[in-house]
Amino acid sequence: MNKLVLRGRMLTQEGLIQSGLLVIDQEKGLIEDAGGKDAVELPKDERVLDIENGTILPGLMDAHMHFFGSASQSLTEWVIIPETLVALRSVSDMKKLLMAGFTTVRDLGSKAGVHIARAEREGAIEGPSVIAASKSLSQTGGNDDPLMLPLKIAQELSYSYYCDGPWECRKAVRMCVRDGAEVIKVYASGTFAQGAKGRVQLTTEEISAITDEAHRAGLKVTAHAYGEDALENVIEAGVDSIEHGIALTDEIAARIKKKGIYYIPTLSAFFAAKPGSSSERDMMIRRHLSADMELAKKYDLKIACGSDFTGSQSEPHGENYLEISHLSSYLGEMRAISAATSVAAECMGLADRGVLRKGCRADVVIVKGNPDANIEALNPKNVLYVIKSGKLYDARS
Ligand SMILES: [Zn+2]
């Protein structure tokens with residue numbers, strides 16, 4: 001007996017199935033069959049889990065988060081914190097993510113992400129699969145460079161590799177590859193902390209060197225971009241996805257669409273900022289939460305879920321469903337769920353998950369209620385079971 005059968009209301013890539021059956025081969029960790037109860041043969045003598053008043057859906061994914069292992073939202077703290085402490089604190093963050101229904105997450109720059117990913121793959125710790133960027137790439141004096149520290153110390157301790165000029169940028173990609181990175185993250189602009197416009201960082205030539213080198217290594221590149229100039233740079237340089245993506249215009253959105261670039265608006269951080277003033281920073285946030293999302297919808301961009309949560313007190317891992325909730329207020333529940341399942345998987349280049357389909361990895365979450373009608377069903381309080389690679393976890397215990 002190595003099969004597990006789930007019976008109940010099921011959300012698949014094809015839509016809602018009221019009486020669905022999902023057959024999981026637990027030994028292989030794969031979905032053996034999925035569909036309506038009349039289309040799927042119920043195996044004999046196997047364990048059947050009947051889901052009443054709940055919904056079965058693909059495991060959730062967060063395509064933009066960080067394992068910073070720190071309670072505070074402070075760049076200096078993130079830079080000076082010892083790597084070992086980050087890793088140890090992340091063990092409990094991993095468990096929280098899994099119990100909240102997240103079966104794959106993408107760490108876009110941290111000191112320990114590649115090691116956490118490896119420990120999870122080896123079975124030493126439990127949590128979602130981690131696609132790690134290793135360190136992020138940034139220019140000297142850029143987004144992740146705490147200017148109060150001497151440069152040498154900042155370089156030594158940072159969770160970013162600082163690189164300037166195309167060849168240093170290529171070398172930084174090679175160092176990430178050496179670390180075991182599975183994606184490359186680049187900062188193409190600052191954030192609000194460095195001026196309301198989010199100063200442009202790295203040139204198109206430098207970012208193009210990064211995308212070329214990463215693509216040669218078979219890795220995707222994702223770019224942090226605030227402001228029109230940074231967006232134009234990263235589109236020109238051929239990145240695969242855009243993080244935050246503040247200050248879309250019709251022309252920029254049309255180019256993103258044409259090039260098939262994924263758009264990860266990371267709404268959670270901006271909702272938390274509660275913009276109220278007329279400062280340029282707050283105006284940009286308001287623009288992101290209104291005009292940017294309208295343009296993203298108008299041009300039918302491929303929107304993926306990324307919370308940008310760091311694991312701090314204000315952005316705790318385990319509450320990442322909030323991003324899906326914010327997305328749903330613009331896209332509706334079904335599209336928001338796709339952003340955190342099938343679209344997130346495509347964005348990360350993971351063809352084996354994000355859908356409930358025969359042959360795919362058995363990554364599943366079972367929640368109380370109907371997330372297609374009320375996204376709060378994805379609140380971790382409502383998560384009943386999580387299945388990752390066929391292994392069943394009872395999230396209520
Ligand atoms: Zn981030």
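**Entry 1. Domain interface**

I began with the area buried between domain 1 and domain 2, which is about 2,100 Å², with carbon and sulfur atoms giving 67% of that figure. Buried area here is the accessible area (1.4 Å probe) that two parts lose on being put together, summed over both. I note that the model is predicted: local features need pLDDT of at least 70 and side-chain atom pairs count only at pLDDT 80 or more, whereas totals for chains, interfaces and linings use all residues. Residues are numbered from 1 along each chain as its sequence is written, and side-chain values use heavy atoms, with hydrogens and water left out.

I took the bounds from the domain assignment, which gives 3-59 + 353-394 as domain 1 and 60-348 as domain 2; such bounds come from an automatic or database assignment. The C-alpha centres of the two domains lie 29 Å apart. I find 27 residues of domain 1 in contact (heavy atoms within 4.5 Å) with 26 residues of domain 2.

**Entry 2**

I looked up the salt bridges (a side-chain nitrogen of Lys or Arg within 4 Å of a carboxyl oxygen of Asp or Glu) and found 2 between domain 1 and domain 2. The side chains of E120 and K388 form a salt bridge at 2.5 Å, N to O.

On the side of domain 1 that touches domain 2, β5 (54-58), β17 (383-388) and β18 (391-394) each supply at least two residues. The largest share, 4 residues, comes from β17. Helices (H or I, at least four residues) and strands (E, at least two) are DSSP runs, numbered from the N terminus.

**Entry 3. Helix α3**

I then listed the buried residues (under 20% relative accessible area, 1.4 Å probe, protein chains only) of helix α3, residues 113-122: G113, V114, I116, A117, A119 and E120. They pack against α2, β7 (102-107), β8 (129-132), α5 (166-179) and β17. Just after α3, G123 takes a positive phi of about 85°.

**Entry 4. S90**

I placed S90 in helix α2, residues 83-99. Is S90 buried or exposed? S90 counts as buried because its relative accessibility is 0%. A polar atom of the S90 side chain lies 2.6 Å from the backbone oxygen of V86. Leaving aside neighbours within four places in sequence, I find S90 in contact with F67 and I116.

Terms used
Buried < 20%, exposed > 50% of the residue type's maximum accessible area, 1.4 Å probe, protein only. Polar contact = N/O pair within 3.5 Å; in protein donor to acceptor, adjacent residues only side chain to side chain.
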